Amino acid sequence: MILDLLRSILSDSISLFTIMNPLSVGVIMLGLLDENAPREEIRHVSGKTMKAAFLAMIISFLLGTYIFQFFGISPAGLRIFGGTILFIMGLNMVQGHGKKVNHNEKDQKAAEKRDDISVVPLAIPVMVGAGMLTTIINMSIAAEGWMDYVSGIVAIIIVSIAALIILQRMPFIKKALGDNGLKVFNRIMGLVVGSLAAQMFLKGVFTLYHNFSV
């Protein structure tokens, strides 16, 4: 039982970390901050961003099932739609287009002028966007027992801590890896996201087929 729980936590953590792609979030964060931003400001923005992202992920995971039950949405439909979103994300990452976010140029300029960019746009929608939300809600719907819920919550905690460490050390990471290193990492993450998307999409299709064929 313990080994199964650990495998589940590892699998959920890898999925969430890959889709979140905190390195890309860190690059966007540095782009929104001043070039000579002090270390304390970066740590402050990183901490506030992760608090908001963590709350968004936990709430989505705990309430996702009830929200979809309230609207009568099929889990298979979510998997098909979520798989499509993740496939587009993975394709963009493999092609080197970087992390796609749901804010326009006007929003970004407004964010650059504001003192606080932590919650919007960094936490939402850059870090916790459509792909992350659909993945977490899919985890919530697929949860069948206490082990699944423990696995999901622990995975969210692990990923949040890992992302916080990366964001706080992003200036050093960017300098060490360079632009080419970040692009290579981003494309590798894209392959993983694309694979997760295919699994989610096919599972949704097979479930719908089984439901209609019975």
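R7 and D4 sit three residues apart in helix 1 (residues 2–20), and are therefore separated by about one helical turn. Helices here are DSSP runs of H or I with at least four residues, numbered from the N terminus. The side chains of these two residues meet in a salt bridge, at 2.9 Å from N to O. By salt bridge I mean a side-chain nitrogen of Lys or Arg within 4 Å of a carboxyl oxygen of Asp or Glu. A search of the whole structure finds one such bridge. R7 counts as exposed, at 52% relative accessibility, and D4 as partly exposed, at 47%. The cut-offs are under 20% relative accessible area for buried, over 50% for exposed, and partly exposed in between, with a 1.4 Å probe and protein chains only.

A word on the basis. This is a predicted model, in which local features need pLDDT of at least 70 and side-chain atom pairs count only at pLDDT 80 or more, while totals for chains, interfaces and linings use all residues. Residues are numbered from 1 along each chain as its sequence is written, and side-chain values use heavy atoms, leaving out hydrogens and water.

I turn now to S46. This residue lies in helix 3 and is buried, with a relative accessible area of 0%. Where does the side chain of S46 reach? It reaches the backbone oxygen of I42, at 2.7 Å. Leaving aside neighbours within four places in sequence, S46 is in contact with M29, L164, L167 and Q168, where contact means heavy atoms within 4.5 Å.

Conventions
Helices (H or I, at least four residues) and strands (E, at least two) are DSSP runs, numbered from the N terminus. A polar contact is a pair of N or O atoms within 3.5 Å; within protein, one must be able to donate a hydrogen and the other to accept it, and residues adjacent in sequence count only if both atoms are side-chain atoms.
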